[in-house]
Amino acid sequence: MLFLAPDGKQFQTRRAAYQHLINEKYDAKDVEIMKGLLMTFEKWQENSRLPPGWIFKEAAANALDKGKKRVLYGYNFLTTEGDYFEGSIKPINYMKSSNLYFDAHLERFHEFIPERQALRRKSMENWEDDKNLPDGWRFKMSVNIDNNPGKLYYLAPDGKQIQGRKSSLLHLIKGKFDEGDVNKMKDMLIKCEKW
């Protein structure tokens, strides 16, 4: 599929056409239409943690880590100025070097990745429920190379992943969670780890 601009230039992707519209200063309505097509057909999204007008797309790649297949997640970004970035380092440097962006933009951007990671973790199906855990908490056991049980992880209601019961208890205490929830995790330590 090719995209033909009014000036006769052809583009193989909507992203390239979108960037062309921005760079050639086409009407804002036309830019917004193309942005809408990117969001509708190519899974680009807006997010309040990004600078106004920016959009992002989740990217995934398969990798081997210590003989184990993993999926690595990352993000691609399109700026209001038409710049395209893969990963989160380049957009940070871009904002730092531009007089269009302020500390507030950087602060919100730094919240973006952890927020997206928490959302992805919460949507994963490999977490299990346990009535002995505090409300909203879930757990999973990783599997090591030999298919033996690996590490124990907990998923807090906010999507934060925590390794082990002790760290989870500390998270509950530091986060000033309900005393009943703290006691449930203490009971798990006593029962399962002989504290």
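1. The charged end of Arg 120 lies over the ring of Tyr 73, 4.0 Å from the ring centre. Lys 140 does likewise with Trp 127, at 4.7 Å from the centre. The criterion: NZ of Lys or CZ of Arg within 6 Å of the ring centre and within 35 degrees of the ring normal.

2. This is a predicted model, in which local features need pLDDT of at least 70, side-chain atom pairs count only at pLDDT 80 or more, and totals for chains, interfaces and linings use all residues. Residues are numbered from 1 along each chain as its sequence is written, and side-chain values use heavy atoms, with hydrogens and water left out.

3. The structure holds 13 aromatic pairs (rings of Phe, Tyr and Trp, the last by its six-membered ring, with centres within 6.5 Å; planes under 30 degrees apart are stacked, over 60 edge-to-face, the rest tilted). Trp 54 and Tyr 94 have ring centres 6.4 Å apart and planes at 50°, so this pair is tilted. Trp 54 is in the loop between α2 (28–41) and β3 (55–65), and Tyr 94 is in helix α3 (residues 89–97), 40 residues apart. Helices (H or I, at least four residues) and strands (E, at least two) are DSSP runs, numbered from the N terminus.

4. Trp 54 is buried at 1% relative accessible area; Tyr 94 is buried at 17%. Buried means under 20%, exposed over 50%, partly exposed in between (1.4 Å probe, protein chains only).

5. Phe 77 and Phe 109 make a tilted pair, 5.2 Å centre to centre with 55° between planes. Strand β4 (residues 68–78) carries Phe 77, and helix α4 (residues 103–123) carries Phe 109. Phe 77 is buried at 0%, Phe 109 at 1%.

6. One aromatic cluster includes Trp 54, Tyr 94, Phe 77 and Phe 109.
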